[in-house]
Amino acid sequence: MILRTFGWSFGVTVVGLLIALLYDGPTGLALVAVLAVLEISLSFDNAVVNAKVLDRMSAFWQKIFLTVGIAIAVFGMRLVFPLLIVGITAKLSPYEAFDLALNDSHRYHQLMNDAYPMIAAFGGMFLMMLFLDFVFEERADKWLPWLERPLARIGKLDQLSVVVAGGALAFVSWLSADDPGNVMIAGVLGMVTYILVNGLGELFSEASEDDDEDDEDGGEAGEAGESGGRSGPSSLALATGKAGFFLFLYLEVLDASFSFDGVIGAFAISTDPIVIALGLGIGAMYIRSLTVFLVRKGTLHEYIYLEHGAHWAIGALAVCMLVSIGHHVPEWITGGLGAGLIIAAFASSVFRNRNEDSDSSGAASGGDKQLHSSNV
């Protein structure tokens with residue numbers, strides 16, 4: 001199970017470290033290893049949330065996420081995206097941006113830092129909307145009932161997440177942004193992207209469920225129907241395909257939002273784009289493998305508070321990204337908050353399962369005693 005799930009990650013690790021050794025010697029090898037660990041620590045909560053969404057996707061779209069998606073995550077977000085940001089902000093061609101990254105890494109780093117407030121606003125708003133939609137929804141299981149109950153109660157107000165996120169964006173832009181206008185635009189685009197992608201995914205998921213119900217209701221009629229029916233995928237397959245596509249798109253945008261802090265934070269360790277891409281790419285592979293592991297093992301169903309902890313970690317990351325628009329937030333704080341919340345949620349899930357098992361054992365024992373007494 002471990003080898004089948006993490007086999008590609010192990011292989012990519014060996015190849016990546018070998019390339020780093022040939023490219024920059026032992027120093028490059030060490031930097032790539034550190035960057036990989038940084039990416040894994042910062043994005044562990046991403047794996048938990050990805051697993052929740054991936055569990056709703058068909059086998060076909062799961063494979064697409066693990067093949068095409070990993071290419072987008074590794075090469076797109078960890079290598080191409082920084083070059084595009086630098087090219088757009090400095091009005092350079094992709095080739096000129098890549099040449100700048102190789103030959104003037106300090107200038108390249110400076111341009112990335114100049115663009116970071118807009119990047120943080122976009123990613124922070126996307127993650128903030130995801131977090132707020134989760135905590136404002138009524139749920140049967142509550143990890144922090146003293147806090148989640150009142151949040152779910154006020155969450156009955158329609159579009160409250162948009163109001164809260166928009167207010168936070170306006171406050172941060174006014175308080176700490178050097179260029180409030182561009183930060184506001186980037187943040188609003190992050191909110192719009194979340195609403196659009198998430199809404200389309202939910203729309204086509206509901207369409208799939210409706211078609212499924214129609215198929216069940218008309219099952220007998222379908223069996224007695226004409227044999228010369230139309231060829232090609234059914235309406236259910238089409239709806240499922242659309243839903244899968246938008247869930248895939250949602251996961252890619254979500255992964256991009258999580259990767260922003262890792263890409264920027266990587267410059268504190270190395271300014272070489274090749275080293276950064278290798279290190280973060282290896283880390284991204286392990287996050288993908290961990291996502292698959294959580295789905296196949298049913299971990300989220302067994303430890304039900306893990307999803308809660310991941311979303312609270314997302315909320316903490318969103319706040320850190322908004323704060324970082326005006327003030328630097330060390331990577332160990334963002335990574336530590338996320339890991340701490342998930343570990344706490346996992347521990348709470350373990351205690352809950354043990355209590356339920358003991359209660360079940362106690363009830364069974366009591367029933368046996370009562371049966372024995374009645375027989376006597």
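Predicted model: local features only at pLDDT ≥ 70, side-chain atom pairs only at ≥ 80, totals over all residues.
User: What makes up the secondary structure of the protein, and in what order do the elements run?

Analyst: The protein has 14 helices and zero strands, and from the N terminus on the elements run α-α-α-α-α-α-α-α-α-α-α-α-α-α. Of the 376 residues in the protein, 47% are buried, and the exposed surface comes to about 19100 Å², with carbon and sulfur atoms supplying 64% of it. Among contacts between residues at least 6 apart in sequence, 84% join residues at least 24 apart.

User: Why are α3 and α4 called roughly perpendicular to each other?

Analyst: Helix α3 (residues 59-90) and helix α4 (residues 94-103) pack at an angle of about 105°, with their axes 9 Å apart. Angles of 65 to 115 degrees count as roughly perpendicular, and the pair is therefore described as roughly perpendicular. The contact brings Leu83, Val86 and Gly87 of α3 against Ala97, Phe98, Leu100 and Ala101 of α4, and by class it has six nonpolar, one polar and no charged residues.

User: Why are α4 and α5 called oblique to each other?

Analyst: The angle between α4 and α5 is about 120°, and their axes lie 5 Å apart. The range for roughly perpendicular runs from 65 to 115 degrees, and roughly antiparallel begins over 145, so α4 and α5 count as oblique to each other. On the α4 side the contact involves Ala97, Leu100, Ala101 and Asn103, which meet Ser105, Arg107, Tyr108 and Leu111 in α5; by class these residues divide into five nonpolar, two polar and one charged.

User: How do you know that the side chains of Asp141 and Arg352 meet in a salt bridge?

Analyst: The N to O distance between the side chains of Asp141 and Arg352 is 3.9 Å, and a salt bridge asks for a nitrogen of Lys or Arg within 4 Å of a carboxyl oxygen of Asp or Glu, so the pair qualifies as a salt bridge. The pair links distant parts of the chain, with Asp141 in the loop between α5 (105-135) and α6 (145-154) and Arg352 in helix α14 (residues 331-375), 211 residues apart.

User: Which other salt bridges can be described, and how many does a search of the whole structure find?

Analyst: The search of the whole structure finds four salt bridges. One of them joins Arg288 and Glu252, whose closest N and O atoms are 3.2 Å apart, and this pair links distant parts of the chain, with Arg288 in helix α11 (residues 273-297) and Glu252 in helix α10 (residues 235-266), 36 residues apart. Another joins the side chains of Lys142 and Glu138, at 2.8 Å from N to O.

User: What makes Arg288, Glu252 and Lys142 buried or exposed?

Analyst: Buried means a relative accessible area under 20%. Arg288 has 3% and is buried, Glu252 has 9% and is buried, and Lys142, at 16%, counts as buried.

User: Why is Glu307 counted as buried, and which residues does Glu307 touch?

Analyst: The relative accessibility of Glu307 is 14%, and since the cut-off for buried is under 20%, Glu307 counts as buried. Glu307 is placed in helix α13 (residues 305-323) and, not counting residues up to four places away in sequence, touches Val48, Lys52 and Phe134.

User: Why is Ile19 called partly exposed?

Analyst: Partly exposed covers the values between the buried limit of 20% and the exposed limit of 50%, and Ile19 has 40% relative accessibility, so Ile19 counts as partly exposed. Ile19 lies in helix α1 (residues 2-42), and the C-alpha atoms of Ile19 and Leu29, 10 residues apart in sequence, are 8.3 Å apart in space.

User: What makes the phi of Gln159 worth a remark?

Analyst: Most residues other than glycine have a negative phi. The phi of Gln159 is near 60°, a positive value in a residue other than glycine. Gln159 lies in the loop between α6 and α7 (160-176) and, at 47% relative accessibility, counts as partly exposed, because exposed means over 50%.

Conventions: Residues numbered from 1 in each chain as written. Heavy atoms only, no water. Helix = DSSP H or I, 4+ residues; strand = E, 2+ residues; numbered from the N terminus. Buried < 20%, exposed > 50% of the residue type's maximum accessible area, 1.4 Å probe, protein only. Contact = heavy atoms within 4.5 Å. Areas by Shrake-Rupley, 256 points an atom, 1.4 Å probe, with all protein chains shown as cover. Axes fitted to C-alpha atoms, helices over the stretch in contact; angles between N-to-C directions. Parallel < 35°, antiparallel > 145°, perpendicular 65-115°, else oblique. Nonpolar A, V, L, I, M, F, W, Y, C, P; charged D, E, K, R; others polar.
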